[in-house]
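Here is a briefing on one structure. Take the sequence and the model together, then work through the points by topic.

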Amino acid sequence: MKNIITKLLNFFNEIAPVQGQYSWFDKLRISLGAGLTIFVVMFFAYLWGDLSQDESMVVAVFGVSALCIFLFPDSKFFAPLILIEANLLASCVAFICVYIFSTVDLGIPFAIIGTIMGMYFLGCMHPPAIFLSIFIVMAGTSSYDFAIYPVLADSCVLALASLVNKTVIKHWGSRNISN
């Protein structure tokens, strides 16, 4: 039995990718940056929105984007303009799918295909935008006002967070205090 467990553990150690080691500065920058970004998004939701189920689902997508912005600051997938373009594209594709398809079962695959093709065509690949189009189709949101708020407003918050993150890294850099 011990031999089987050892082989199983060795197998999982071989297939699991090694996670990067982050300094305490980076751990704080990532954690606080993503948390504060979502705090600002939620603050806007309380000010201007009604924090409906649709808006709450969008916050989940933007939470993933916020984490990725701080985890991968040099990635082109999370550049400020890319965030805005891809999220607006995803929401518009999703609105069209909600309008055309009467069932979510058809709307979701076409929203995914349309969003990916659109991002390739426009050169604004941002993987979490695919989830945004899925959530909009699932919610059945067909109002183009939704593209302005919360999608555009929250995407601008994400873009600003990306710029601030890049400035912090440029100014203070990554400090290897402890891993």
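I130 counts as buried because its relative accessibility is 17%; buried means under 20% relative accessible area, exposed over 50%, and partly exposed in between (1.4 Å probe, protein chains only). This is a predicted model, in which local features need pLDDT of at least 70, side-chain atom pairs count only at pLDDT 80 or more, and totals for chains, interfaces and linings use all residues. Residues are numbered from 1 along each chain as its sequence is written, and side-chain values use heavy atoms, with hydrogens and water left out.

**Around I130**
- I130 belongs to helix 6. Helices (H or I, at least four residues) and strands (E, at least two) are DSSP runs, numbered from the N terminus.
- Leaving aside residues up to four places away in sequence, I130 touches I112, T115, I116 and M119. Contact means heavy atoms within 4.5 Å.
- I108 is 22 residues from I130 in sequence, and their C-alpha atoms are 9.8 Å apart.

**Helix 3**
- Helix 3 covers residues 53-71, 19 residues in total. From first C-alpha to last it reaches 27 Å, close to the expected 27 Å. The expected span is 1.5 Å times one less than the number of residues.
- Its buried residues include E55, M57, F62, C68 and F70.
- Helix 2 (24-48), helix 4 (80-100), helix 6 (128-139) and helix 7 (145-172) are among the elements covering those buried residues.

**Aromatic pairs**
- The count is seven aromatic pairs. Rings of Phe, Tyr and Trp (its six-membered ring) pair if their centres lie within 6.5 Å; planes under 30 degrees apart are stacked, over 60 edge-to-face, the rest tilted.
- F95 and Y144 are edge-to-face, because their ring centres are 5.2 Å apart and their planes stand at 80°.
- F95 lies in helix 4 and Y144 in the loop between helix 6 and helix 7, so this pair ties together parts 49 residues apart in sequence.
- F95 is buried, at 1% relative accessibility.
- One aromatic cluster is formed by F43, F44 and W48.

**Charges**
- The whole structure holds one salt bridge, defined as a side-chain nitrogen of Lys or Arg within 4 Å of a carboxyl oxygen of Asp or Glu.
- D26 and R29 meet in a salt bridge at 3.3 Å, N to O. Both lie in helix 2, three residues apart, about one turn. D26 and R29 are both buried.
- The charged end of K27 sits over the ring of W24, 4.5 Å from its centre. The rule asks for NZ of Lys or CZ of Arg within 6 Å of the ring centre and within 35 degrees of the ring normal.

**Backbone**
- Y149 and P150 are joined by a cis peptide bond, with omega about 20°. P150 is in helix 7.
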